[in-house]
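Student: I have just opened this entry and would like a guided look at it. Could we go through it together?

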Amino acid sequence: MEQTIYRACPLCEAICGLEIKTDGQEVISIRGDKDDPFSRGHICPKAVALKDIQEDPDRLQKPLKKVDGQWREISWDDALDEVTDRLFEINRTHGADSIGIYLGNPNVHNLGAMTHAPIFYKMLRTKNRYSATTVDQLPHQLVSHLMYGHQFLLPVPDIDHTDYMLILGGNPLVSNGSMMTCPDIKKRLKAIQDRGGKIIVIDPRRTETAHMAERHHFIRPGGDTAFLLALLKVLVETTAPEKRAHLSDHLDNVDQVENILKPVKVSDCADQCGIAREDIETIAKELAAADKATCYGRLGVSVTENGTLNHWLIQMINIVTGNLDKIGGTLVTDPAIDLVGMHLMGPGGYGRWRSRINDLPEACSDLPATEMATEILTPGDGQINAMIIAAGNPVLSTPNGKQLERALESLDFMVCVDFYLNETTRHADIILPPTAPLEHDHYDITFLMLAVRNVTRYSETVFTPPEGTLHDWQIYDELTRRMAVKMGAPITTKKRAPHRLVNLGLAYGPYGKRRRAEPGLSLQKLKDHSHGIDLGPLNPGLLQKLKTKNRKINCFPDLIRQGLEEFLEKLNSGPKQNGLLLIGRRHLRSNNSWMHNYDRLVKGKNRCTLLVHPDDIDRYGLSEGGYALLSSRVTEQKILVESCEDMMPGTVSLPHGWGHDRDGTRLSVARDHAGVSVNDFTDDTLRDPIAGTAAVNGVPVKIKRI
């Protein structure tokens, strides 16, 4: 029988509304939901691939155990018992920190993993926690923790009302918005231009977004800090304080920022970043003159050696121009489930513990993912002997993937929560596969907190899961209960499914039924409004939500001061990089490493090529469409060269998430489109000295013709 189900797409941050038509257990069509008030009918190619995920014969549905190097299906009880027994014994023998945890990006796109996994991981009491955050957005969170008192007080661009948008290291036409949940992004960007506004893009590559912008400026990879520093200096010296009058009573240490900027020379910064002084001054003048403007930085400025400084500088630019907490500037959301206001998520922290070998600090509860291999391979007290990896493929998504492969193979025990046998899970002893996205319900706890408009939507299950399968939350609930028995800890007999927790969060949230607030949200109300509910535009409110001790914005935290002083010492202390620098890139039909097993997303022209400017092709004697040998400190491999005038000379680009030629996987389509992993070239020793974030952009490489 044919049915039509409306729900949100859980594959990326845009959370576009979908209209899914089914017949029995088959997907007939997937289209954009034109009645979704947020996405307005827009979808990208990935959403249609939900059908492919559901029907993929490579997708695991029963637990696997490796026996004498061969995979065998086992029962859930046997799998869960063995995982619990092995982890408990390793913990008892070697201590809590002998167990490491790595959480991949899809966890935040999965309601059950968000609600139930933290309970289990907390029971293990290990400090060796790693996640995709430390090769992604950690600088955003750390800067918010330091300045605003909470890691999830994250101002997002008010894109629907701004008149001037400066974009650094972001390509929202491809990412669909990132740390800025923004479906239908192309129309929203075009609307800025239609109302007479401007979009300026700063990037080492003339990206898809740059092509539609008023102006694009090439920047030397890693030069963002110098550019932003020069921009802030000019703005501090030329912007009238009246522009930030609404913030003035809530700002601490602005005078200290002004003082440290005085000796900075814009010309020195221009030399460092590759953008002319005149262009920097023009951008500063336009930012200061715009009535409503926003400075937005994303992955390209996060995963560099100064990612934390970059995001602090971006916040300060929005503060100095008076655009923080202002309509048309940057605003925090008022989400229906308010993680910050309801104290459902911790404020974050820094340096509460440190890594065993390299003495690196935790940031917002994570140690740098670049430390995993070192902590596994280095003997001694506290060595990691077991790993739990959930919905992650760090062999392809973290630096020096080949070293991590060697480390994972050396473990005493490894368990993965994943429905694919991929480049990472192939090293596991047991794989616990959860249900597919269309087989469980969903509510976007995280990304509605980053949305450019206050909206809410609950997604009901499309298909009843096959008998003998478990949802993520059920896997974690069972592990928690078994571990509690082992530890002799009390545990409730009552199981609380994720949708019940969503109902409580909605009812007691800022629009909740229990708080007698409009529109009186509850889970049932969202079920009755299957297209979602619009809760209105973003509004100023950050100043009332500050979680710092004095309820003021800390404009110059000590960590930032120390990092900036070190950066200023190095600003002109040595020669600039004369060789090639490697950066990554995304594609609309990719989602990190796990959307390559579906023919509709990988067919056509080979996308895993090294983009090289024509001048560099001539300089190094390369040929368009030929192969070259690319090398970094950690590896060298053969790679297909593609000439591209959109690249800044001296910079080359490989896409993220490929490298599916490893033996022992079950990814039949991906293996036929293997490509090369950019993280075989990235260097685990390059990192942001403050947050510890991996510096996977601006990696020094060499190239020669084969």
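Student: Let us begin with one residue. Which residues does Lys233 touch, not counting those up to four places away in sequence?

Tutor: Lys233 touches Leu261, Lys262, Val264 and Val266, where contact means heavy atoms within 4.5 Å. Please note that this is a predicted model, in which local features need pLDDT of at least 70, side-chain atom pairs count only at pLDDT 80 or more, and totals for chains, interfaces and linings use all residues. Residues are numbered from 1 along each chain as its sequence is written, and side-chain values use heavy atoms, with hydrogens and water left out.

Student: Where is Lys233 found, and is it buried or exposed?

Tutor: Lys233 is found in helix H9 (residues 224–238). Helices (H or I, at least four residues) and strands (E, at least two) are DSSP runs numbered from the N terminus. Lys233 is buried, with a relative accessible area of 7%; buried means under 20%, exposed over 50%, and partly exposed in between, with a 1.4 Å probe and protein chains only.

Student: What lies 3.0 Å from a polar atom of the side chain of Lys233?

Tutor: That is the backbone oxygen of Lys262.

Student: And the cores: which helix gives the most to the largest one?

Tutor: The largest nonpolar core has 114 residues, and among those touching the most other members are Phe227, Leu231, Trp312 and Tyr443. Helix H9 gives the most to this core, with nine residues. A nonpolar core is a set of buried Ala, Val, Leu, Ile, Met, Phe, Trp, Tyr and Cys residues joined through side-chain atoms within 4.5 Å. A second, separate core of 29 residues includes Phe88, Ile101, Val415 and Leu479.

Student: Which peptide bond is cis?

Tutor: The bond from Glu518 to Pro519 is cis, with omega near 5 degrees. Pro519 lies in the loop between helix H19 (498–507) and helix H20 (523–528).

Student: What about phi at Ile15 and His343?

Tutor: Ile15 has a positive phi of about 45 degrees although it is not a glycine, and phi of His343 is near 60 degrees, also positive. Most residues other than glycine have a negative phi. Ile15 counts as buried at 7% relative accessibility, whereas His343 is exposed at 65%.

Student: Finally, how many helices and strands does the protein chain have?

Tutor: The chain comes to 25 helices and 30 strands. Of its 706 residues, 62% count as buried.

Conventions: Polar contact = N/O pair within 3.5 Å; in protein donor to acceptor, adjacent residues only side chain to side chain.
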